[in-house]
Structure formats: C-alpha cells, structure tokens
There are 2 protein chains.
Amino acid sequence: MEDVRPAASLRAPLRLPHKALMGAGPANAPPRVLHASAQPLVGHLHAEALRVMDDIKDGLRYAFQTTNPVTLCLSCAGHGGMEASLTNLLEPGDVAVVAVNGHWGARASDMVTRHGSRVVKLEAPLGQPVTLEAAEEAVSKHRPRLLFLVQAESSTSVLQPLEGFGPMCHKYGTLLVVDTVASLGGTPLWTDRWELDVVYTGSQKVLNAPPGLAPITFSPRAMQRITSRQKPCSVYYWDIMQLGDYWGCFGNPRKYHHTGPVSLFFALREALAILAAEGLTASLRRHAEAAARLHAGLQRLGAEFLVPDPRHRVPTLTAFSFPNVDLQAVARTAMTRHGVELSGGLGPTVGRILRIGLMGVNASEDAVDNVLSVLEDSIKNPILTNKL
Amino acid sequence: MEDVRPAASLRAPLRLPHKALMGAGPANAPPRVLHASAQPLVGHLHAEALRVMDDIKDGLRYAFQTTNPVTLCLSCAGHGGMEASLTNLLEPGDVAVVAVNGHWGARASDMVTRHGSRVVKLEAPLGQPVTLEAAEEAVSKHRPRLLFLVQAESSTSVLQPLEGFGPMCHKYGTLLVVDTVASLGGTPLWTDRWELDVVYTGSQKVLNAPPGLAPITFSPRAMQRITSRQKPCSVYYWDIMQLGDYWGCFGNPRKYHHTGPVSLFFALREALAILAAEGLTASLRRHAEAAARLHAGLQRLGAEFLVPDPRHRVPTLTAFSFPNVDLQAVARTAMTRHGVELSGGLGPTVGRILRIGLMGVNASEDAVDNVLSVLEDSIKNPILTNKL
C-alpha cells in the first residue's frame, strides 16, 4: 500500500530542445562527447574505467600544462574544486588571503570562514585584476597558508594575470591556489612554468563535457603541505589523500573511495581527446581570435565593456552593456526567438550586464557572427514582457 | 610553446564492452536512461532543467514514500549523501550514535570524527542487524543528536529492520538518519510512515541511472534542527539551506548554488519515470521474487550465506561463499569468460565472500538464471591466474 503516488508529469517522456549555449556555461558539448555519455556503464573499479581515468589524468596534465602526479577529477561541480582546494590546504586557525573582485572571491571567502579558518580579503574594483604589488603586500604582511586567485572572474570577465604570483608566494611560504573554471583550455595557463600549487576547473566550460566533474591538480609543494597536516582533511569527500589512491596518483594499488560517475568520465575523456587532437596552442589561438572578432562586433554595436582595459579581458567570456537598453529583454529575446543563451550578471553584476561566452566549440567565427546578429536583432526588436 | 604533450593513448577513440553488472553496483542502466544522458545540454537554470528537477523531486518523493518538501539530489556520489546528512545535522561537540556492523557504519563514524563531532559506536556482529532494544539503550544513555543506520549494509547484505526506530528516537529528541544506497526501490522503505528524518540513496543501484547523484530527503523535524544551528553548515557544497533554494524546496525563487550535472539529471528523471510507470509496489515484489529465486539457486549450488537468518537478507544484494572454492578465481572467470560482474567482499568481508546484486533491471528471472549458470560454470571451470 503506497502512501505517496507519482506525479502525472513523470508519465511523459523527456524532450529537450537544442540551444546555442553562448552564456557563462555550461557550453555546448560536441556529438562525440554526448555519445560517450550514453555508453554502457561499467563498474567504477573495472579495468576499462581505470583506463579511462588514466587517459583523463594524461589529458588533464596536458590541459593544465603540468607533470604533477596528483592530477585527477573530483566527482562534483567546479564549486567542489574550490572547496576541496581550500579544505585540503587549510586547518582551523590558518589564514587565507583571497582576492575579491567579483562573485568567486566572495564565495571562496565564505568557504574559508565556514571551514573555521581566517580570511583576509584582498579587494580590487569590479572590472580590474589584483596587482602583483598589492598581493605581495598582503602576503608579506599576513604570511597566509594560501593566496586564492581566480583566472577568469566570470561575474565580470576580468582576466587575472598570474605570472610572477607563484614565485612571490613561495618567497613567503605561501601556496598559490588558482580557479580556472571559466578559462582553462581557452586562456594561456602554465601550471608548472608559473609555479601554481593548486589549479582546478570545471568540465562544462571550455572542455565541452557535461557538468559534474572538477578537474584539479596539486603541485609537490601542495602535497607536502597536505601530508604534513595535523589532522586529516575535515571532509571525507574532498580528502585528496584518499582520492589520490582512487585515481592511482601515489603508485599504490587503486583503492575505493567513492563510486565515480563513470558516464561523465567517458564524456570528459573524449573531450580531452578532442583537445589533444586539436592541440592546446591551436585551441588558445582559436579562442583569442574568436574573442577579438566578438569584441570588434560588440564595439560596432555600441557596447560598453565592463572591463575597460582590453589586456584584462578574458577571451572565453565577455561582459558588456548598452546604455538605455533593457538587457533582460535582450536576453529573453535571444533565448525565445533564437534559442541562443546570453547570460545576465552574477553576484555584484546582476541586472547590470550581459555576458557572452566563447568556450570550446563555441569559439568559432560562425558562432561569433551568429551571436552578434542575434544580439542586434534582440536589441532592435525585443520581446517585451507584456507581449509574452 | 607547450611544456607538456598529450599521451598517445588519448589518440584512440573510446570503446567500451557491454557487461552484466550483477555485483554491488553500479547496476546496468536501461537504453532509455542511457539515451537521456546524451541529450543536448541546457543551462542548469534554464526552464527545461528546472522542469526536469521538479520531475525528479516528484519521482524521489514517490521512491522515498514521503511528502517532505526538502527532497532533492546532491551532485555527488552516495558517499556525499552520507557526509551531507551528518554535516547538516551535527555541530562540533554533538554526539552521533552510529550502528556499525560492516563497512558503511565504519565509514560514517570516520566522517563524524573528521567533522569534529563525537561518535558512539553501536556494534553488531557481521551478518546481523542492530536490534531496537540495543539502539534504545544507546540512545537513551547518550541522548545523541542522531542515530545512523544502514538499511542494506552492502558489505554483508544484512537488512536492517527500521520499523519502530523513528518513534523510539523521537522519544529522546534524536534524529534518525538512514542510508538506503543499496536498497531504495528494491526493499520496502517508508520514510513518512516510519518517521525517518534523513534518508539518502545513490542513483546507480536499484534506480538504474548512472552514478553521480545522491537523492536525499529531510523531514520537517530534520529541517527544524538545521534551521536552528548555531553556525551554517561547515561545508558549502553540502549546505541544505542553499541546496533547498537551488531545488526550489522552500517556495523562494530559484537560486544558483552550483552548476548541476544536467545530463545526470536527465538520466535520473527517466529512471524515476520508469519506476513510476512500473509502480513501487510491483518493483518491490519483483525484487523479492528475484531474490527468492537466487537464494534457492545458491542453496542448490551449496552456497553458505553470510546472513544466516533469511529475514535479515536484503533482496537487492546477497553475500555468500563456498567452502574450499577460490572465490577470486570464480569472479575472474565470470568476468573474463562471460562478461558478468560478481563482486567480492568490501571492508571487513574482503576476500571472504562473493556478492550478487539484483538491482532494477537486473532483478529478473532471466538475469537470476543467467548469473546462476555463470556462477556454476565459474566454480567448475575456473580460469586460474597462471593460465592468464
């Protein structure tokens, strides 16, 4: 005798439209990646799954440009990458300096506080990166366990320069954590060359896999910190010592930590194979060219960029507005009439901007030209709310 | 100039075999579910995604047999369900009584300790459930914040009776948390009728979706505890107050918490539609019949059950051994020769048993007869290691 009955809406089969995901992400996934998602399941410790995980590790080391043995995926959203970075490196009472110039620095600060560590905010105006000088001042003063930076602050589309920050941090015994969720694969990022200690990203942006995985890499310096903790990581699910054994990073026999989302592994493996086939250098060039084309087009349309200095604009995502235009109506029109997603703002930029993403397959001349013409039409002939 | 080059193995496209996943899970996913995994991506806050999430909430309330408004999925493995339950209910210094009669109770104890709370272990011998009397003795003595039970202790295949535990706990102001990862949908479970406060499961077992989601439900009593915490949940990714707003459980406008794994949502939505179409009662009957058939067949083959009392055997998973048989060789033979997965032991039962799972589509006469004949062949004609 059932107490609760299923809802009527569950009777209909699932139907989904195809959209051009030209916002802040997820981006579109190419057919090869989607096809891989639907492969028959295998056990999470079967030889086939372990082989796929090994391929992913190789592909991620290529994407991150690192030889770090501890390079793997967390089975969660990019947010989990942020929390796992902080939770593995920090113990209660530790200090973290967090650069805050948009949504993501604020989120990281919240996580540090929840965890019982102390946060020092290193603020910069919206639309501007943190300077190396300001960072060194904060690091030399507070001698924090870590400095947290976001390469592509997706709420504003600011590109944070990273060169020089690693050696500066290491001078003071500080570790450098970098969020590359909205940038990896489309923006130059050299983990080893730049001495970055923890770098993480999300599967659903430039890499063009479905959301649900957070690739992450730990430098030997970061691992040294982790192995010398007083107590194990306070969150089992984020514990890199156990995850490293599941992913075979320490040379030990594989050990069950959790049941990995194998169908997402299949998809990400194919996405990384596509990146390897194109080549990282070519992918970076393609993203830079697409961004230049988009910026020129936006300028022609009279857009005002949120990031004034072109050198500080991330190629994968562009934030802008138009004076005296109802931006919400523009986004609604693009979606309703054209099936094209443009994102609004996020956190401190909600309601003030639009954001166009050029990530992976969407960083092409065709996609740029299409989104520009959709934008133009949506500005000229917006669908007003009262007409819906 | 790239410092690191991609591995050669990434050049080959992905190829995966089809296997019968008759172990402890993941189970096989039916074609409709796999097909849904490969649907084009949509944004995690698009109307289509929200509709899918609403369908999932309805389907989960049906599967859990609850009217709890706070019923949703965590974007992680079942392990995350365990940690989120504990982390949301406990604050540092709180006491949790954890039933330990296999792997999962031990894992939950570890999580409680990492979190800074105090664990009292309520131990029972391997192969036996915890009695209501023993539980009441511990709860009345320690007055814990919560009692943690596992309905299907998958390392031993013990079925934990749950009736009476809810009202007993509530007499002492204790909340009841139940792990149903290996049981939900195949074993009677009545969240509201039995007064269970937090119940979670995994997407990849009886529900037949890919791994990567942890469905979970919180009773009003559990929510009252959470809203009266001194401090917010120490882990952002597990914070049910924010997740509840992302899933639209509190009647507020949807709020971004993380990027949900939409392709896994599509798959789980279809898996729940399949359960709703069959009916929970019919599904439970089918699992019970398949288990009875399997148990009779195992008896004919001379198996010794790890759980002596048939009333304490969970229908979805059966642990057994054969005297003087190389169990590892049997599992290897089943996999290598027949493409059929049988699981070995886990935690305290490693090397001592085999486990056959009958979960979802695999709980059928055909599947049972097939696994029994594969088992018989693998015992009689094992592939020995030195022949590989």
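The request concerns Lys205(A) and its setting. Where is Lys205(A) placed in chain A, and is Lys205(A) buried or exposed?

Analyst: This is a predicted model, in which local features need pLDDT of at least 70 and side-chain atom pairs count only at pLDDT 80 or more, while totals for chains, interfaces and linings use all residues. Residues are numbered from 1 along each chain as its sequence is written, chains are lettered from A and ligands numbered from 1 in the order in which they are written, and side-chain values use heavy atoms, with hydrogens and water left out.

Lys205(A) lies in the loop between strand 9 (198-200) and strand 10 (214-218) of chain A; helices (H or I, at least four residues) and strands (E, at least two) are DSSP runs, numbered from the N terminus. Its relative accessibility is 8%, so Lys205(A) counts as buried (under 20% relative accessible area; exposed is over 50% and partly exposed in between, with a 1.4 Å probe and protein chains only). An unreviewed UniProt entry lists Lys205(A) as "modified residue: N6-(pyridoxal phosphate)lysine"; such positions are given in the numbering used here, feature names are shortened, and annotations may be inferred rather than shown by experiment. Apart from neighbours within four places in sequence, Lys205(A) is in contact (heavy atoms within 4.5 Å) with Ala24(A), Gly25(A), Ala27(A), Val181(A), Ala182(A) and Met359(A).

UniProt, in an unreviewed entry, gives residues 26-366 of chain A as "domain: Aminotransferase class V". Over residues 26-366, chain A is 39% helix and 15% strand, and the end C-alpha atoms are 19 Å apart. The annotation "binding site", also from an unreviewed entry, covers Arg355(A). Arg355(A) belongs to strand 14 (residues 354-357) of chain A and is buried, its relative accessible area being 5%.

Lys121(A), by contrast, is partly exposed at 46% relative accessibility. Lys121(A) sits in strand 4 (residues 118-123) of chain A and, beyond neighbours within four places in sequence, is in contact with Val98(A), Val100(A) and Ser109(A).

Chain A can be laid on chain B with an RMSD of 0.0 Å by a turn of 180° and a shift of 0.0 Å along the axis, by least squares on the C-alpha atoms of residues with pLDDT of at least 70 in both. The two copies are thus related as by a two-fold rotation axis. The same surface serves both copies, since 100% of the contact residues of chain A recur in chain B. In number, 93 residues of chain A are in contact with 93 residues of chain B. Between them the chains bury about 7300 Å², 61% of it on carbon and sulfur atoms; this is the accessible area (1.4 Å probe) that two parts lose on being put together, summed over both. Leu10(A), Leu41(A) and Arg114(A) supply 11% of the area that chain A buries against chain B, more than any other three residues.

Finally, the largest nonpolar core has 207 residues, where a core is a set of buried Ala, Val, Leu, Ile, Met, Phe, Trp, Tyr and Cys residues joined through side-chain atoms within 4.5 Å. Leu147(A), Phe148(A), Phe265(A), Leu147(B) and Phe148(B) touch the most other members. Setting aside neighbours within four places in sequence, the contacts of Leu147(B) include Val97(B), Leu122(B), Phe165(B) and Met168(B).
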